[in-house]
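Reader: Could you walk me through this model, please?
Author: Gladly; here it is.

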Amino acid sequence: MAPPSSCMGIVTMALLMLLLGSSTAQLSTNYYCKSCPKLFPTVKSAVQSAIVKEARMGASLLRLFFHDCFVNGCDGSILLDDTSSFIGEKNAAPNVNSARGFNVVDNIKSKVEEVCPGVVSCADILAITARDSVVILGGPNWNVKLGRRDARTASQAAANNSIPPPTSNLNQLISKFQAVGLSTRDLVALAGSHTIGQARCTSFRARVYNETNIDKSFSQTRQSKCPRTSGSGDNNLAPLDLQTPTAFENNYFKNLVNKKGLLHSDQQLFNGGSTDSFVRKYSISLSNFNADFVAGMIKMGDIKPLTGSNGEIRKNCRRIN
């Protein structure tokens with residue numbers, strides 16, 4: 001049975017976390033129950049509208065949460081525009097011409113501000129939209145831990161250094177995830193988010209033309225819309241999951257077993273290494289994938305949140321108050 005997206009039935013869990021002395025007890029699933037009771041339906045309605053308008057947007061919103069959490073924690077810093085005092089993350093190599101959905105987040109924030117002004121952080125909005133995007137596209141549901149506050153600064157350098165690029169090998173991927181407290185199991189499960197979304201030709205050109213651990217017909221299909229010459233068709237898109245790019249399930253892992261991973265970093269997860277067993281398990285069992293994906297998302301959401309008097313509650317997600 002799917003967990004509730006409201007405040008009902010989750011107070012006991014929050015109390016249990018407090019009794020157990022959890023290091024993330026400041027984050028709780030019922031954080032806004034009294035201060036913003038309409039939060040969840042307000043966010044989900046806006047996410048639903050955005051995905052109806054463009055199915056790809058679900059993957060884009062999920063990716064924003066990943067790229068936020070990997071850079072100095074889940075603090076909404078990815079949403080900040082550059083200022084005279086700092087160069088933000090939007091134009092970092094992993095994000096420029098790639099990270100998207102900022103206008104959708106702006107719209108969600110404005111709708112949340114209408115029902116409870118000055119209460120809900122942009123960091124928490126990213127966490128909720130990530131969950132809602134997965135659910136709307138057919139994936140698992142979970143209770144989102146909330147109570148994060150927003151960063152007052154951002155770092156392009158940190159984004160460049162922290163987010164694993166699509167050229168990463170397996171050891172580099174494991175290292176990047178370990179650096180933020182995520183296990184190898186988390187790595188593979190969270191990589192399953194590539195069951196939705198699109199990638200640009202620049203991200204997979206080298207793989208489809210130069211690599212040998214790739215299905216031949218698959219590489220030829222991808223080459224047809226991604227010219228070999230750099231600078232030609234760089235922004236042409238291809239689905240990360242060639243079968244169902246707008247449905248959240250486990251076809252991504254089935255693709256990897258068949259050497260049809262689009263990105264180099266994708267296929268590294270099934271290439272004779274330590275993660276092969278996880279990929280095989282998830283390719284066979286959707287329930288195992290869903291369970292580990294949810295556990296990984298909750299764990300990722302716990303990365304270095306700003307709580308208490310740290311940070312702020314931004315009125316506009318693009319700039320500090």
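**The pocket and a helix pair**

Author: The largest share of the lining of the largest pocket, 6 residues, comes from α3. This is a predicted model, where local features need pLDDT of at least 70, side-chain atom pairs count only at pLDDT 80 or more, and totals for chains, interfaces and linings use all residues. Residues are numbered from 1 along each chain as its sequence is written, and side-chain values use heavy atoms, with hydrogens and water left out.

Reader: How much space lies in the largest pocket?
Author: A pocket here is an open set of points on a 1 Å grid over the protein atoms alone, where a 1.4 Å probe fits, with protein on both sides within 12 Å along at least five of seven lines. Volume is the space filled by probe spheres set on the points, joined across faces, edges and corners. For the largest pocket that gives about 930 Å³.

Reader: Which residues lie nearest its centre?
Author: Lining residues have an atom within 4 Å of a point. The largest pocket has 38 of them, and nearest its centre lie R63, H67, P164, H194 and L263.

Reader: How are α2 and α5 oriented to each other?
Author: Helices are DSSP runs (H or I, at least four residues), numbered from the N terminus. With axes fitted to C-alpha atoms over the stretch in contact, and angles running from 0 to 180 degrees between N-to-C directions, α2 (residues 39–53) and α5 (residues 122–136) come within 9 Å and cross at roughly 55°. Angles under 35 degrees count as roughly parallel, over 145 as roughly antiparallel, 65 to 115 as roughly perpendicular and the rest as oblique. The two helices, α2 and α5, are therefore oblique.
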